[in-house]
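Here's a quick briefing to read with the model open beside you. Have a look at the fold, then at the spots picked out below.

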Amino acid sequence: MLKTLTLAVATTAALAASNAFAAPRVERVAFASYGEQIIGELYLPEDLDAAKPRPALVVTGAWMTVKEQMPARYAREMADRGFVALTFDFRGWGESGGVRRQYEDPYAKIADIEAAVAYLASRPEADQDRIGGLGICASSGYMVTAAAENAAIKSVALVAPWLQDAEVVEQAYGGRNASSGLRPWAMRPRLSIAAPASKRSCRPRA
């Protein structure tokens, strides 16, 4: 399936230019990923019509960020533009479950994105045929990988993307041995998530 890959470079000033929008409704939600509870927030357009599902997005942020930080800013903006937007804390971060805390595991985060997409597809407010992913900074690579593996993700947009190659991965994750230690995750059974019927670094910011 062909996917639409949109590379977008957005600035804080561009987002700040929209100050006069009505606040969307935000609903606290929970779903599971590999047996752990994921806590998220669902941003709903103010003019949402229950009989007319909207295009929907899963929004993810940079390393070490939680859902209330950069993902929330973009999700709120997208809800103002008519999208249903889901943010969440990855396993081990924020309010979500997971024994191993504050640990950057690319494979786990990719699986969590797929779980978030499955949850979003189950919501009546979301159009199952128009679900996309919005990845910011370091999570851009995770989002692209999830989209390549999951037919439920129909489009992708990236903001200030850090798309890692092998050299960058080794540098960022503590060397060849450390990065190789993450690979056993790839050997684990993937989540069974089907589509419903039918070298750029950046610092996390609040």
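The protein chain exposes about 10,300 Å², with carbon and sulfur atoms supplying 54% of that; areas come from the Shrake-Rupley method with a 1.4 Å probe, and for residues only the protein chains shown count as cover. Bear in mind that this is a predicted model: local features need pLDDT of at least 70, side-chain atom pairs count only at pLDDT 80 or more, and totals for chains, interfaces and linings use all residues. Residues are numbered from 1 along each chain as its sequence is written, and side-chain values use heavy atoms, with hydrogens and water left out.

**Overall layout**

- The protein chain has seven helices and seven strands, taken as DSSP runs numbered from the N terminus (helices are H or I, at least four residues; strands are E, at least two).
- Walk along the sequence and you get β-α-β-β-β-α-β-α-β-α-β-α-α-α.
- Of the 206 residues in the protein chain, 47% are buried (buried is under 20% relative accessible area, exposed over 50%, partly exposed in between, with a 1.4 Å probe and protein chains only).

**Nonpolar cores**

- The largest nonpolar core has 30 residues, and Phe31, Val58, Leu86, Phe88, Ile113 and Leu120 touch the most other members. (A core here is a set of buried Ala, Val, Leu, Ile, Met, Phe, Trp, Tyr and Cys residues joined through side-chain atoms within 4.5 Å.)
- Elements that each supply at least two residues of this core include strand 2 (25-33), strand 5 (84-88) and helix 3 (106-122).

**Phe31 and its rings**

- Which residues does Phe31 touch, leaving aside its neighbours within four places in sequence? Phe31 is in contact (heavy atoms within 4.5 Å) with Glu36, Gln37, Ile38, Leu86, Phe88, Ala115, Ala116 and Tyr119.
- The structure holds three aromatic pairs; rings of Phe, Tyr and Trp (its six-membered ring) pair if their centres lie within 6.5 Å, with planes under 30 degrees apart counting as stacked, over 60 as edge-to-face and the rest as tilted.
- Phe31 and Phe88 pair edge-to-face, at 6.1 Å centre to centre and 70° between the planes.
- That pair links distant parts of the chain, with Phe31 in strand 2 and Phe88 in strand 5, 57 residues apart.
- Phe31 and Tyr119 are stacked, because their ring centres sit 5.1 Å apart with the planes at 15°.
- Since Phe31 lies in strand 2 and Tyr119 in helix 3, this pair ties together parts 88 residues apart in sequence.
- Phe31 is buried at 9% relative accessible area, and Tyr119 is buried at 15%.
- Ring pairs join Phe31, Phe88, Phe90 and Tyr119 into a cluster.

**A buried glutamate**

- Glu104 is in the loop between strand 5 and helix 3, and counts as buried at 14% relative accessibility.
- Its side chain makes polar contacts with the side chains of Trp63 (3.1 Å) and Tyr142 (2.9 Å). (A polar contact is a pair of N or O atoms within 3.5 Å; within protein, one must be able to donate a hydrogen and the other to accept it, and residues adjacent in sequence count only if both atoms are side-chain atoms.)

- Tyr34, in the loop between strand 2 and strand 3, has a positive phi of about 50° and counts as partly exposed at 30% relative accessibility.
- Met64, in the loop between strand 4 and helix 2 (70-80), has a positive phi near 65° and is exposed, with a relative accessible area of 52%.
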